[in-house]
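Biologist: I have not looked at this one before. Can you walk me through it?
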Amino acid sequence: MKVSDVLKNVKHHVIYEALISSISTDGEPDIAPMGLRFSEEFEEFTLHPFKSSKTYRNLVEVGEGVANITRDPRPFILGCIPGLKHELLKELEGSKLVKAPRLKDSEAYIEFRVKEIREKSIDRAEIVCEPVSVYLGDLRIEPYSRAIYALIEASVNASRVKVFLNRSRELLKILNGIRYSESIVRRTGGGSEYEGLLNLLIKSVEEILHGISSSQSNP
């Protein structure tokens, strides 16, 4: 099936957040939050991973992956916390046509092959992907909550902290973004599991920042 047949409401040239699962040449799986953008006719989409990421290395070396579509914020949070990512890796299972695994209980799946790799910048690449299998998973029906989308936004910013540690201006923007998302989650999801996920995310970011400041203060 085509992307437009399964994801009937998606728009081209809009960046959608998904979880990209991949696999190394040694068979080690990985999964990470990442934005994707569909082309005019939805016959392909692009990813812009950091060149330092496992996702980039796996897609370059193996050339296959899965875009796992879900509105559940939990995997987005676990996917960018190194100390908890192993819990998310336990939820991967075999895909239909590609070597890379898929994430259980996602709402839809796009299994794809890498079509082209382009230079985007010093830090990033542009990877053009061609869907080979698109199908529905488990539908998640939940009323709109700002807490959910603020959590996903916070996870996107948190995943960039390490990359921009030595660029103070960009890092400040990222941290301000996390603080803004935090205010939304605490206001609209205080006391819920979403606030618990937020606390895990903030703790992870603080540990990264504390590690850097400690190393700089030591002679």
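Biologist: To start, how many aromatic pairs does the count come to?
Modeller: The model is a predicted one. The count comes to 7 aromatic pairs.
Biologist: Take Phe 38 and Phe 45. Is that pair stacked or edge-to-face?
Modeller: Edge-to-face, because the planes of Phe 38 and Phe 45 are at 70 degrees and the cut-off for that class is over 60. The ring centres of the two are 5.9 Å apart.
Biologist: Are Phe 38 and Phe 45 buried or exposed?
Modeller: Phe 38 counts as buried, at 3% relative accessibility. Phe 45 is buried too, with a relative accessible area of 0%.
Biologist: Which residues do ring pairs link into a cluster?
Modeller: Tyr 16, Phe 38, Phe 42, Phe 45 and Phe 112.
Biologist: Now charges over rings. What does the charged end of Lys 96 sit over?
Modeller: The ring of Tyr 135, at 3.9 Å from the ring centre. There is also Arg 102, which lies over the face of Tyr 109, 4.7 Å from the centre of that ring.
Biologist: On to helices. Which residues of α2 are buried?
Modeller: Thr 55, Tyr 56, Asn 58 and Leu 59. The helix itself covers residues 54–61.
Biologist: And what do those buried residues pack against?
Modeller: Strands β1 (15–23), β2 (29–38), β3 (45–47), β4 (64–69), β7 and β8 (125–136). Just after α2, Gly 63 takes a positive phi of about 80 degrees.
Biologist: Why does Leu 59 count as buried?
Modeller: Because its relative accessible area is 0%, and the cut-off for buried is under 20%.
Biologist: What is Leu 59 in contact with, leaving aside neighbours within four places in sequence?
Modeller: Ser 22, Leu 47, Glu 64, Gly 65, Phe 112, Val 114 and Ile 127. Phe 112 is also in the aromatic cluster.
Biologist: How many Å separate the C-alpha atoms of Leu 59 and Gly 190?
Modeller: They are separated by 38 Å, and the two residues are 131 apart along the chain.
Biologist: Last one, Glu 107. Where is Glu 107 found?
Modeller: In the loop between β6 (102–103) and β7 (108–119). Glu 107 counts as buried, at 10% relative accessibility.
Biologist: Which side chain does the side chain of Glu 107 make a polar contact with?
Modeller: That of Arg 71, at 2.4 Å. Beyond its neighbours within four places in sequence, Glu 107 has contacts including Ile 69, Thr 70, Leu 136 and Arg 140.

Conventions: Residues are numbered from 1 along each chain as its sequence is written. Side-chain values use heavy atoms; hydrogens and water are left out. Helices (H or I, at least four residues) and strands (E, at least two) are DSSP runs, numbered from the N terminus. Buried means under 20% relative accessible area, exposed over 50%, partly exposed in between (1.4 Å probe, protein chains only). Contact means heavy atoms within 4.5 Å. Rings of Phe, Tyr and Trp (its six-membered ring) pair if their centres lie within 6.5 Å; planes under 30 degrees apart count as stacked, over 60 as edge-to-face and the rest as tilted. A charge sits over a ring if NZ of Lys or CZ of Arg is within 6 Å of the ring centre and within 35 degrees of the ring normal. A polar contact is a pair of N or O atoms within 3.5 Å; within protein, one must be able to donate a hydrogen and the other to accept it, and residues adjacent in sequence count only if both atoms are side-chain atoms.
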